[in-house]
Amino acid sequence: MRLSDLAATLGADPAGTDDVEVTGVSHQADWIRPGDAFVAVRGARFDGHTFVADAVERGAVAVIGEGMPAGATCPVPYLRVAAVRPALADAATAIAGRPSDALSVIGVTGTDGKTTTSCLALHLLREAGRATGLLSTIGYELPDGVLRQPPSHFTTPEAPQVQQILRDMVGAGASDAVVESSSHALALDRVRGVDYDVAVWTNLTGEHLDFHGSMEQYFADKSLLVQRARHSVLNVDDVPWFERLVPLATADGGSLTTYSAEGGEADWRATDVEEGPEAITFTVHTPMGSAAARLPMIGRFNVANALAAMAGVAATGVGLEELVAALATFGGVAGRMEMVERRDGEPRVIVDFAHTPPSLEKALETVRVTTQGALWVVLGSAGGPRDPSKRAPLGRVATTHADRVVFTEEDHRTTPLQDILDEMERGAREAGRDNFVSIGDRTDAIRYAVREAGADDTVVLAGKGPEETMERGTELVPWEEIEEARRALAARRGDPT
Ligand SMILES: CC(=O)N[C@H]1[C@@H](OP(=O)(O)OP(=O)(O)OC[C@H]2O[C@@H](n3ccc(=O)[nH]c3=O)[C@H](O)[C@@H]2O)O[C@H](CO)[C@@H](O)[C@@H]1O[C@H](C)C(=O)N[C@@H](C)C(=O)N[C@H](CCC(=O)O)C(=O)O
Ligand SMILES: Nc1ncnc2c1ncn2[C@@H]1O[C@H](COP(=O)(O)OP(=O)(O)OP(=O)(O)O)[C@@H](O)[C@H]1O
């Protein structure tokens, strides 16, 4: 794209600059390739302008920003814009050729259940014969189904990666895409250039308030998805947010489907929910009729995720019979209510990603239903800048909803681990509970719980789910919770580990 065209797209004035060809755009200086424009973002930690020289050395042919620092000059054309993050998204979208225009895009947002709902929607679309791509916390997939990782560890990466991935999907023949859209992404314009056909809303509870500042702002940021999509799928059980989302979803002619897993008045409803040790069955009532459904997952909240995914995919034209048949073959999501293989006489061990007090509560409540003996949970809480206000509530929820609790490490980063354990213990004590121990080393904590648990017990390993690393201090160590669980069961049997 010519720089002059890019300037016109961004409403910037490139007067007096040479008109060059811009082949890409990046906000990250060390990702610049020759021919790219560097977008200098003034962020919370860095001023991107510090990296202009680095970007130019790597071949940047232009810089986009809100203004060079006083006294500094830019060695390549500088496009001055009023707001840099929207400009980053608009530039990336224009250079990628607006790939989402060629796709039917389902966006999924909410505090809990985004990844599960996104993976369910992907499966339902593919089973309906649609060539579908996915962009999610677990990585991204083109229609070939191979899971790939973008060059950053985000649920929703920055706009240049989002647009590049969507373009790759189109290039690979995709007709549909599922885009998990985090609140950070919505607030920071990472998905500004995505043309959403359907918005799927799971739920909203307090998380990430360190970033959004207040529940009101968190709601405002997340609700951007519903405002942008042509059709919204909303959860009537998500009180009080549902009522507030309806007018936002239907403004400007937007249409709406509602769902309820709790027996509420909704277009899509689940009744006769039966939780088994390995699957959930229910009757689904829809505007297309009713059907018996089987979801091969545990966790009652997955009924809500399944309804959300089915209603979202139905909005793109897939019929009920196909959806119900596809649901029964869903393979689950790694690290979310994932059951570890066990032998007779061994406790059921479940690896789960719940890391907020509400999601932990739901996870424990639902596992309780199919646990005959005692319910154990092993968990920690993140350190560093991550929301410290959730530590005591996690301690309270764990000790009130499980019989035995082991507090341990979970990405404590540079926060002293003992401080986090103390906070979780405080939450437990304030709830009048003493059914816990703290074991700092997570391997030891898991082995303790698995060794002490009886054959009828269930041990939930919460918080790490599918993550592949653990942040201890400034060190990043490889971590595989499912392997830790397998080794703990082997150690319990006395096998070499
Ligand atoms: C709150 C948040 O999301 N902040 C993100 C944001 O930071 P920022 O705007 O303050 O930027 P900054 O880090 O000060 O850097 C300024 C600019 O300098 C550039 N830079 C910086 C350093 C350098 O060496 N070279 C360079 O070019 C950066 O790319 C950036 O453009 O832009 C940065 C560049 O992309 C991100 O690294 C940073 O993510 C932080 C580290 C983060 O942890 N984000 C997480 C919380 C996040 O986004 N999570 C969501 C939700 C997950 C969920 O729902 O659970 C997600 O979508 O993953
Ligand atoms: N609908 C739901 N309501 C409450 N809790 C849920 C729901 N769905 C999943 N969970 C819990 O939240 C955990 C994370 O699920 P999932 O990864 O699907 O959510 P997410 O919103 O993508 O979270 P993150 O963005 O942090 O990855 C699960 O392991 C489960 O314990």
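This is a predicted model: local features need pLDDT of at least 70, side-chain atom pairs count only at pLDDT 80 or more; totals for chains, interfaces and linings use all residues.
Glycine 113 counts as buried because it has 25 C-beta neighbours inside 10 Å. The term needs its cut-offs: a residue is buried if 20 or more other C-beta atoms lie within 10 Å of its own, exposed if 12 or fewer, and partly exposed in between, with C-beta atoms placed from the backbone. Residues are numbered from 1 along each chain as its sequence is written, while chains are lettered from A and ligands numbered from 1 in the order in which they are written.

Where does glycine 113 sit? Glycine 113 lies in the loop between strand 5 and helix 4. Helices (H or I, at least four residues) and strands (E, at least two) are DSSP runs, numbered from the N terminus. Once neighbours within four places in sequence are set aside, glycine 113 is in contact with Thr202, Asn203, Phe301, Ala304 and Asn305. Contact here requires the C-beta atoms of two residues, placed from the backbone, to lie within 7 Å.

Threonine 111 occupies the loop between strand 5 (104–109) and helix 4 (114–127). Is threonine 111 buried or partly exposed? Threonine 111 has 19 C-beta neighbours inside 10 Å and therefore counts as partly exposed.

I turn now to the ligands. Ligand 2 is surrounded by 22 residues, of which the closest are Gly113, Lys114, Thr115, Thr116 and Ala354. A residue is near a molecule if its C-beta atom, placed from the backbone, lies within 6 Å of it. At least two residues of the shell around ligand 2 come from each of helix 4, helix 10 (301–314) and helix 12 (357–369). Which classes make up the shell around ligand 2? That shell has eleven polar, six nonpolar and five charged residues. In this scheme Ala, Val, Leu, Ile, Met, Phe, Trp, Tyr, Cys and Pro count as nonpolar, Asp, Glu, Lys and Arg as charged, and the others, Gly among them, as polar.

Domain 2 and domain 3 each contribute at least three residues to the shell around ligand 2. For ligand 1, domain 1 and domain 2 each supply at least three residues of the shell. Ligand 1 has 19 residues around it, the closest being Gly43, Ala44, Arg45, Thr155 and Ser182. By class, the shell of ligand 1 holds nine nonpolar, eight polar and two charged residues.

Eleven strands form an open sheet with mixed pairing, in the order 8-7-6-9-5-10-11-12-13-14-15. Its edge strands, strand 8 (147–148) and strand 15 (289–295), each pair on one side only. Two strands pair if DSSP finds at least two bridges between them. Strand 10 (residues 198–201) and strand 11 (residues 231–235) pair in the parallel sense over three bridges, and alanine 199 stands opposite serine 232 in strand 11.

A second open sheet has six strands in the order 16-17-21-18-19-20, again with mixed pairing. Strand 16 (338–339) and strand 20 (436–438) are its edges, each pairing on one side only. Parallel pairing over four bridges joins strand 18 (residues 375–379) to strand 21 (residues 458–462), where leucine 461 is the bridge partner of valine 378.

Strand 2 (residues 36–39) pairs with strand 3 in the parallel sense over three bridges, and phenylalanine 38 stands opposite valine 63 in strand 3. From strand 3 (residues 62–65), Ala62 and Ile64 point one way and Val63 and Gly65 the other, and all are buried.

Finally, alanine 174 is found in the loop between helix 5 (159–171) and strand 9 (176–180). Alanine 174 is buried because 24 other C-beta atoms lie within 10 Å.

How values were computed
Domain bounds come from an automatic or database domain assignment.
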